[in-house]
Amino acid sequence: MTCLKSIRILFVASLFVAFSHIAHAAPSHIFLTYSGAPESSVDINIILPRQVDGVFVYYDTADQGDVTEKYTFIVKAHYIPTPMELSDGRVMYVARITDLKPGTDYSFLVDEKKYGASSLRKFRTLPGCTAPLRFVNGGDMGVADYIEPLLTLAAKTDPDFAVIGGDIAYVNGLLGGYANWDSWLKNWDDMMVTTDGRMIPIVTAIGNHETNRYATGDLALNAPWYSSLFGRQGEHVYYSRHFGDNLILFSLDSGHTVPHDGAQAEWLAGEMKANAAVKYKFAAYHIPLYPAHRAYEGSGSAAGRAAWGGLFDEYGLTVGLEHHDHVLKRTKPLRGGEVVEQGTVFIGDGCFGRGAREIDPQPRWYNAVEGSIPHFWVVNVRDSGLSFKAIDFEGITRDEFTLP
């Protein structure tokens, strides 16, 4: 066989493999977020290698397998221009599905002609009203260290959603960091699936490792990946979301793309005042107001206490979900910078994947629990009260408490 003939055969074979791959490929990534009420809506986020003519989501309350014609509902996903395209050309499509039934399981397929259909997937809407719900919380994740066992264990608690408090894939807002994001999204897709096969929606707050720190004030420039993947949860990088009648979450930016004070603090004051009657008020943000590793007078912590502490006290924040320090922490009830019988409890501090940092030998005056422990938190919300567990990478409960 001549060399030219061999090259021709190899070229034809490579084309066959390439086109076979395209014909049977699926979307690069699919993940769930919220931009509306979790009881009646969900955002299905779809990442494709390139822009295509049309992406469709087929969904139903019954499992209809891979036959799109059997599905009762169909919605077209919309192409969303994002900074992510500047990395390697990948694009984002979002299907905002509304008018769903509360507390209901849905099966769905994503399909389009060029890259093919997804596997069958499931999600569940939140029950709404005062029905019980469960979520997991953590931050400072990355794609190595303890991430796989922690994600696997978190999924086994069957949460309704997850709150991630920043420092997600650790690429510092650099467009060249797509490999880390691919690994992070794959980890989430593979491991964050409940015991009955449901996808777990993601609720986020921004951290310092989402940003490149070069364009403060412009989310798309300062945090291109975060903007592309999670920038539609609210009108701003900070936002609030109700989960049933008993729980509201304020997701805040602890000085990474906008300052603690100014417009963000004014917005927070208005939101907390408008929702003063909500039974349980949570805030999620990256830099802790009450750190367990870094200095209490550190600039980020001091700025948070100055801008938000008074609002948390005035409107009765129930729990602050804190991150950034890579340790396990629970404070005593606090108000006005002092320990009280009834006040805000702050839990954290990150370490949902990254290795743990050291803590002071002598516990800080405001903390009830401290430890150098990779972990995540499980939060149960019931009309009768709240319960919390901190679980480490071996499945051991490292802290447990309740609030009325």
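Mentor: "Over a ring" is a set rule: NZ of Lys or CZ of Arg within 6 Å of the ring centre and within 35 degrees of the ring normal. Keep in mind that this is a predicted model, where local features need pLDDT of at least 70, side-chain atom pairs count only at pLDDT 80 or more, and totals for chains, interfaces and linings use all residues. Residues are numbered from 1 along each chain as its sequence is written, and side-chain values use heavy atoms, with hydrogens and water left out.

Trainee: Which other ring does the charged end of Arg305 sit over?

Mentor: That of Tyr290, with 6.0 Å to the ring centre.

Trainee: And is Arg305 buried or exposed?

Mentor: Arg305 is one of the buried residues of α8. Buried means under 20% relative accessible area, exposed over 50%, and partly exposed in between, using a 1.4 Å probe and protein chains only. Others in that group include Gly304, Ala307, Trp308, Leu311 and Tyr315.

Trainee: What covers the buried residues of α8?

Mentor: The cover includes α7 (263-274), β13 (280-284) and β18 (345-348). The element names come from DSSP runs, numbered from the N terminus: helices are H or I with at least four residues, strands are E with at least two.

Trainee: How many residues does α8 have, and how far does it reach?

Mentor: Helix α8 covers residues 299-315, so 17 residues, and goes 24 Å from first C-alpha to last, close to the 24 Å expected. The expected span is 1.5 Å times one less than the number of residues.

Trainee: Where is the kink in α8 centred?

Mentor: On Trp308, with a kink of about 50 degrees. The bend at a residue is the angle between axes fitted to the seven residues ending there and the seven starting there.

Trainee: Let's switch to aromatics. How many aromatic pairs are there?

Mentor: The count is 31 aromatic pairs. Rings of Phe, Tyr and Trp (its six-membered ring) pair if their centres lie within 6.5 Å; planes under 30 degrees apart are stacked, over 60 edge-to-face, and the rest tilted. Trp308 turns up here too: its ring and that of Tyr285 have centres 5.4 Å apart and planes at 65 degrees, so the pair is edge-to-face.

Trainee: What parts does that pair tie together?

Mentor: Tyr285 lies in the loop between β13 and α8, and Trp308 in helix α8, so the pair ties together parts 23 residues apart in sequence. Tyr285 is buried, at 0% relative accessibility, and Trp308 is buried at 0% as well.

Trainee: Which residues form one aromatic cluster?

Mentor: Tyr34, Phe135, Phe161, Phe243, Phe282, Trp377, Phe388 and Phe401.

Trainee: New topic: how many disulfides?

Mentor: Zero disulfides, taking a disulfide as a pair of cysteine sulfur atoms within 2.5 Å. For the cysteines, Cys129 is exposed with a relative accessible area of 53%, whereas Cys351 is buried at 0%.

Trainee: Which non-glycine residues have a positive phi?

Mentor: Among them are Tyr170, near 60 degrees, and His326, about 60 degrees. Tyr170 is in the loop between β9 (161-164) and α4 (178-191) and is buried at 14% relative accessibility. His326 is in the loop between β14 (319-321) and β15 (328-331), buried at 6%.

Notes:
Contact means heavy atoms within 4.5 Å.
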